Amino acid sequence: MSTGISLEELQLAARNHGMPLEALRHEITPLGLHYLLVHYDIPVVDPATWRLAVAGTRELSLSLDDLRARDAVTAPVTMECAGNGRALLEPRPVSQPWLTEAVGTAAWTGVPLAPLLAEAGIPDGAVEVVFTGLDRGVEGGVEQLYERSLSVDDAMRDDVMLAYACNGVPLPPQHGFPLRLLVPGWYGMTSVKWLQRIGFTREPFTGYQMVTGYRMRAGEDDPGTPVTRMEPRSLIAPPGIPDFMTRRRFLTAGRHRLEGRAWSGWGAIEQVDISTDGGETWRPASPGSAPGPAAWTPFALDWEATEGEHVLCSRARDASGRTQPAAPPWNVGGYANNALQRIPVTVRA
Ligand SMILES: Nc1nc2c(c(=O)[nH]1)N[C@H]1C(S)=C(S)[C@@H](COP(=O)(O)O)O[C@H]1N2
Ligand SMILES: [Mo]
């Protein structure tokens, strides 16, 4: 791993935690184990006075009780930060230094967005829907509220919801209390937390998080293309026991069940292969069934572990034919690095 993590990166890493990979053994990530990414500060919100403004051809002002009174839906959704894998790129883009753990699957409960937008009335000529959070900060020298947009078509998809609960409890402060957007299949930055306002624009929205952040850029002068859906990725729950400092795994020789989960925002997971020799040779793992169309797919393979050093990897392929590269493609922001996970293990007698 590259060295020289700065105190500023450490400061971010200490605020924004990943999902410990042993939590891959849970189909639904227990709440405190779900990864966390917060650009600015976590707002403190009084649910009694909080309102969601929806500025369509009419202006709606909705309380949490108004939202709870509507028909609710619950869906298990796998969410991953677009920066997952960033710290494994060379050179390392300086931002939240994720390895591979910026992912989790929660059962989100809320109201479908499309009927609400229809009730507010979509203005003629509207092309995008803008979602504004309550959290304010400075980024790239620009003071802003955290804001992201979606095309009207993407916002009207049936699976997009406004969530007020996850895993059966009200959203905790760090995950967006009292209300967040949830866009299944997309990287996490799209799912705006601490929502205060939904509006429409007749031109593509040019907020910082759309035109400067979250773009695949080859170099500083490249305006790049937007980061959207999650690339396929698979992770194995590290087997055996870890060394405290290095996290190297120790196993005893014999049969071990290698288990993990795979997901993609571009289509269902169709195949997962596992390698125990660092990607030289592969064997198909048997995929199980996902708990929902937007949630990760479990996979497993029994391995006869022989004494010595091994490197475990898994590789997913989705219904669109996308797969995981051995070497990570580099980009300025360090986004969408879905290169193979590598787990070094020592097998002892
Ligand atoms: N208002 C607001 N929404 C936000 C963010 C934020 O900083 N502010 N972070 C985004 C990013 S980058 C990610 S990856 C997800 C993380 O959601 P989680 O912390 O609930 O896992 O929230 C997104 N929504
Ligand atoms: Mo993110």
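A polar contact here is a pair of N or O atoms within 3.5 Å, where, within protein, one atom must be able to donate a hydrogen and the other to accept it, and where residues adjacent in sequence count only if both atoms are side-chain atoms. The model is predicted, so that local features need pLDDT of at least 70 and side-chain atom pairs count only at pLDDT 80 or more, while totals for chains, interfaces and linings use all residues. Residues are numbered from 1 along each chain as its sequence is written, chains are lettered from A and ligands numbered from 1 in the order in which they are written, and side-chain values use heavy atoms, with hydrogens and water left out.

**View 1. The two domains and the area between them.**
The domain assignment, which is automatic or taken from a database, gives domain 1 (7–226) and domain 2 (233–348), and their centres, taken over C-alpha atoms, are separated by 27 Å. Contact, meaning heavy atoms within 4.5 Å, involves 37 residues of domain 1 and 27 residues of domain 2. The two domains bury about 2800 Å² between them, 60% of it on carbon and sulfur atoms; buried area is the accessible area (1.4 Å probe) that two parts lose on being put together, summed over both. Of the area that domain 1 buries against domain 2, Leu24, Glu27 and Leu89 supply 22%, more than any other three residues.

On the side of domain 1 that touches domain 2, β3 (73–80), β4 (103–112) and β11 (215–216) each supply at least two residues, and the largest share, four residues, comes from β3; strands are DSSP runs (E, at least two residues), numbered from the N terminus. One salt bridge is counted between the domains, a salt bridge being a side-chain nitrogen of Lys or Arg within 4 Å of a carboxyl oxygen of Asp or Glu. Glutamate 80 forms a salt bridge with arginine 233, with the closest N and O atoms 2.6 Å apart.

Serine 264 is placed in the loop between β16 (254–263) and β17 (269–275), and it counts as buried because its relative accessibility is 14%; the cut-offs are under 20% relative accessible area for buried, over 50% for exposed, and in between for partly exposed (1.4 Å probe, protein chains only). The side chain of serine 264 makes a polar contact with the side chain of aspartate 318 at 2.6 Å, and a polar atom of the serine 264 side chain lies 3.0 Å from the backbone nitrogen of tryptophan 266. Leaving aside neighbours within four places in sequence, serine 264 is in contact with Met230, Glu231, Pro232, Ile269 and Asp318.

The side chains of aspartate 302 and arginine 255 meet in a salt bridge, at 3.9 Å from N to O. Aspartate 302 lies in strand β19 (residues 297–305) and arginine 255 in strand β16, so the pair ties together parts that are 47 residues apart in sequence. Aspartate 302 is partly exposed, at 30% relative accessible area, whereas arginine 255, at 57%, counts as exposed. Salt bridges that share partners join Arg255, Arg257, Asp302 and Glu304 into one network.
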